[in-house]
Amino acid sequence: MRAPVDAHQVTGDEVGVGRLAGTVARLRDEIEEARATADGRALVELAKGVLVERLRCGPVQAAEQLALLAERANTTQLQLAVEIVNEVSGDELTAPPLPDGRPDATAAVRLRTAESGALHADDTQSAAQSLFAHALAPLGASAVAIWLAGSDASLTLAGHAGFTPGEASRWRYVPPGVPTPARRALIGREAVWIADLHDSGLPSIGADLPGRVTVPAGTGGRITGVLEICWPSTLPPQPLSVHKQVEALAELCAATLDTTATARLADHGAPAPSELVDLADGLLDPALVLGPELSPDGTITDFRVHHVNGRFVDLAGRPRAAVAGKTLLEAYPLAAAGGGLFDKVEHVHATGEPFRTEHMDLAALIDEVSLPVTAGVSITRHGVLVLVVWRVQDETARLANLLQHAQRLGRVGGFEEDQHTGAIVWNSQLHALFGRESAADPVPLAQIAAHAHPDDVLALNGFVQTVLHDHRSGSAAFRLQRPDGVTRHVRVIAEPVLDSHGTLLAVRGAYQDVSAQHWTEVALSATQDQLAITAQEAAEHNKLTLQLQQVIMPPTHPTLDAFGLRVGVRYRPAAQEELVGGDWYDAAVLPSKQILVSVGDITGHGIKGATGMVVLRNALRGLAATGAGPAQLLTWLNLVAHHLADTIFATAICGLYDPNTRVLRWARAGHLPPVLIRDGHGDLLPFLPGMMLGAMSEASYAEGEIVLERGDTLLLYTDGLVERRDVPLDECLQHLCEAVREPRADLDDLLDHLLALSESDTDDDTCVVGVQLP
């Protein structure tokens with residue numbers, strides 16, 4: 001019968017496990033001790049090397065001298081070696097003094113030992129363990145992580161100490177875009193100190209360790225990784241010495257992370273890697289491969305163009321050879337502007353975070369002349385090199401952007417047809433004009449006769465023949481019969497796109513809804529036809545046209561009172577009743593609570609002048625609803641006059657008054673300048689540059705502004721108020737300034753006085769708008 005087993009009796013297996021665990025622990029301690037000894041020995045050997053160089057002696061004599069100096073100083077050879085290394089290094093690893101000003105020999109030995117261990121480590125993991133054991137644990141830190149930054153701004157855990165294997169495994173890779181403390185340091189390119197990780201709301205390795213700091217690690221202006229140090233409790237503000245030591249330790253990490261050091265370009269003529277060259281040459285857009293230019297202290301001074309691909313087109317039209325081999329600032333000096341191309345390239349090179357934008361202002365400087373362009377830009381880092389790709393926006397895209405609002409207000413729809421594929425592109429305005437859903441198939445140009453009034457089919461067939469078969473531009477007016485039963489009067493314009501052999505490639509053009517203008521012309525034309533038979537009928541026609549003019553542009557306009565501003569208007573038609581003038585004015589409160597005031601003068605008279613007046617007046621009011629400034633409004637109005645109307649030439653002044661600031665912004669398009677009446681004096685505002693509307697397809701306008709004071713009155717007028725055939729214009733304007741000096745009872749009295757006093761003899765319309773701040 002077996003004896004009972006004692007519960008406290010230790011089995012043979014348990015004894016064996018205990019011995020094995022003790023052996024493992026002993027071996028681990030021996031390895032750590034050997035590693036520390038090796039780190040210290042490396043420092044001693046470094047100090048011996050310094051003595052060999054300074055004393056001009058051999059290694060044996062240097063070792064004897066080090067031992068003798070240590071004995072005389074009553075210190076160890078390791079501590080003396082650290083002092084020698086500190087003296088000759090001149091870095092900031094142990095330089096920052098302690099708060100009381102006394103040096104700490106133990107801290108110096110600890111930091112130099114950590115440096116030696118990191119530099120002689122076989123991999124980043126060993127470097128992290130050395131930094132933690134020798135430098136960070138004595139500072140109270142409980143863990144450290146060294147992150148490797150990828151070319152896409154991702155983070156990979158390259159080394160760690162103090163974390164459990166499971167925690168390190170979960171955080172072995174952080175994809176781009178995850179907001180961690182390490183990524184914040186990488187993108188911001190500066191140290192991030194966090195007192196409590198829970199309060200920051202940022203996820204990171206070791207979530208139970210609240211205090212931490214993340215420091216970017218890099219050399220030569222390129223950040224290769226991030227050093228993250230964790231403390232077990234909330235981290236109070238640290239002294240300057242700790243800040244300096246942490247930054248120095250991050251530089252040590254950069255040395256272990258910089259696996260591409262051997263691939264750096266040693267000189268300006270070194271070729272870029274073939275893989276990157278192949279990538280650039282395979283792109284369909286212009287591309288440059290840039291490499292950093294470093295100063296002796298390791299900072300970036302510029303980027304050199306190591307390669308340009310076959311698609312490269314210089315911003316100023318220079319050949320590829322004029323850019324290849326130069327530095328970025330040599331080729332494009334204007335790229336140095338704040339927030340410009342150079343800053344973006346430097347940021348991408350430093351952090352690895354790609355940069356992309358659809359709209360970026362670029363410029364080339366040729367013969368001291370700036371040539372600006374707008375382009376889509378992509379910048380990515382590949383090792384130590386940077387790939388820059390740009391796509392310059394063409395003129396058609398820029399013009400389409402400028403005409404976006406004008407097309408909507410003018411009810412214009414554009415189209416393009418590819419003759420080889422049959423593909424048809426309509427914009428949204430054209431679908432609305434035809435009364436079709438946006439998903440409905442567009443109507444080919446060859447089939448528009450099927451959607452027109454039967455009486456207009458013959459004219460449309462001739463138009464189609466001209467464009468599609470004769471390959472000439474053409475236009476036609478017809479009545480569009482929509483599916484919803486509505487009939488619109490439409491004008492279609494189209495032009496063929498031919499290749500070098502005269503083959504038709506595509507057709508592009510536009511449809512414009514001219515229903516309102518059509519009925520106006522019909523009414524005026526019908527009135528003219530009916531009253532042109534006899535002189536009496538002609539007289540009746542003149543009266544009718546004058547009445548029509550007064551309906552469109554009444555001689556007086558109710559005084560506008562809004563937000564403390566008064567706007568009064570007077571309009572006097574030409575002396576000859578048969579002339580329907582082109583002078584126009586407008587005053588309205590916009591949705592933005594600003595007040596629009598404008599005056600214009602269409603060249604010519606009659607129905608054409610009246611319809612042009614209606615087009616520009618209504619277009620300006622519609623454009624003003626977008627919230628754009630006066631200069632931009634005139635730019636758009638010039639496009640309307642040049643492209644969307646039939647040969648309209650006009651002058652105009654546009655002003656926007658802000659009641660909150662009392663600032664009136666204004667711009668002029670070939671018009672006479674306003675007159676400011678202040679303290680009984682009348683003065684002309686400056687002649688701001690600005691071409692008359694409709695003269696050129698593209699024109700820019702300057703913008704001025706004036707702060708209105710209480711009692712100020714601003715006069716906007718047309719030339720019919722001041723011009724005389726036998727008097728220079730300057731004298732006419734001076735006469736107007738003198739005429740407003742006499743004080744008047746109110747704004748209405750002033751405007752009536754000016755009309756009565758006017759001595760103009762040009763038989764032209766007269767329009768004057770008064771803007772008064774009582």
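**Exercise 1. Aromatic pairs.** Determine how many aromatic pairs a search of the whole structure finds, and classify the pair formed by the rings of Phe-312 and Trp-390.

*Solution.* The model under study is a predicted one.

Step 1. The ring centres of Phe-312 and Trp-390 are 5.9 Å apart. Rings count as a pair if their centres lie within 6.5 Å.

Step 2. The planes of Phe-312 and Trp-390 stand at 45 degrees, so the pair is tilted. Planes under 30 degrees apart would count as stacked, and those over 60 as edge-to-face.

Step 3. Phe-312 belongs to the loop between strand S8 (300-308) and helix H11 (328-331), whereas Trp-390 belongs to strand S11 (residues 385-392); the pair therefore ties together parts that are 78 residues apart in sequence.

Step 4. Buried means under 20% relative accessible area. Phe-312, at 6%, is therefore buried, and Trp-390, at 2%, is therefore buried.

**Exercise 2. A second ring pair and a cluster.** Describe the aromatic pair of Tyr-571 and Tyr-585, and state which residues ring pairs link into a cluster.

*Solution.* 

Step 1. Tyr-571 and Tyr-585 form a tilted pair, with 6.3 Å from centre to centre and 45 degrees between the planes.

Step 2. Tyr-571 is in strand S18 (residues 565-572) and Tyr-585 in strand S19 (residues 583-589), 14 residues apart. Both Tyr-571 and Tyr-585 are buried.

Step 3. The cluster linked by ring pairs consists of Phe-415, Trp-426, Phe-434 and Tyr-511.

**Exercise 3. Salt bridges.** State how many salt bridges a search of the whole structure finds, and examine the one in which Asp-752 and Arg-570 meet.

*Solution.* 

Step 1. The search of the whole structure finds 21 salt bridges.

Step 2. In one of them, the side chains of Asp-752 and Arg-570 meet at 2.6 Å, N to O. The cut-off for a salt bridge is 4 Å.

Step 3. Asp-752 has a relative accessible area of 40% and is partly exposed, whereas Arg-570, at 10%, is buried.

**Exercise 4. Further salt bridges.** Identify the salt-bridge partner of Arg-566 and that of Glu-742.

*Solution.* 

Step 1. Arg-566 pairs with Asp-561, their closest N and O atoms being 3.1 Å apart. Asp-561 counts as exposed at 51% relative accessibility.

Step 2. Glu-742 pairs with Arg-744, the closest N and O atoms being 3.1 Å apart. Glu-742 is partly exposed at 45%, and Arg-744 is partly exposed at 29%.

How values were computed. Residues are numbered from 1 along each chain as its sequence is written. This is a predicted model: local features need pLDDT of at least 70, side-chain atom pairs count only at pLDDT 80 or more; totals for chains, interfaces and linings use all residues. Side-chain values use heavy atoms; hydrogens and water are left out. Rings of Phe, Tyr and Trp (its six-membered ring) pair if their centres lie within 6.5 Å; planes under 30 degrees apart count as stacked, over 60 as edge-to-face and the rest as tilted. Helices (H or I, at least four residues) and strands (E, at least two) are DSSP runs, numbered from the N terminus. Buried means under 20% relative accessible area, exposed over 50%, partly exposed in between (1.4 Å probe, protein chains only).
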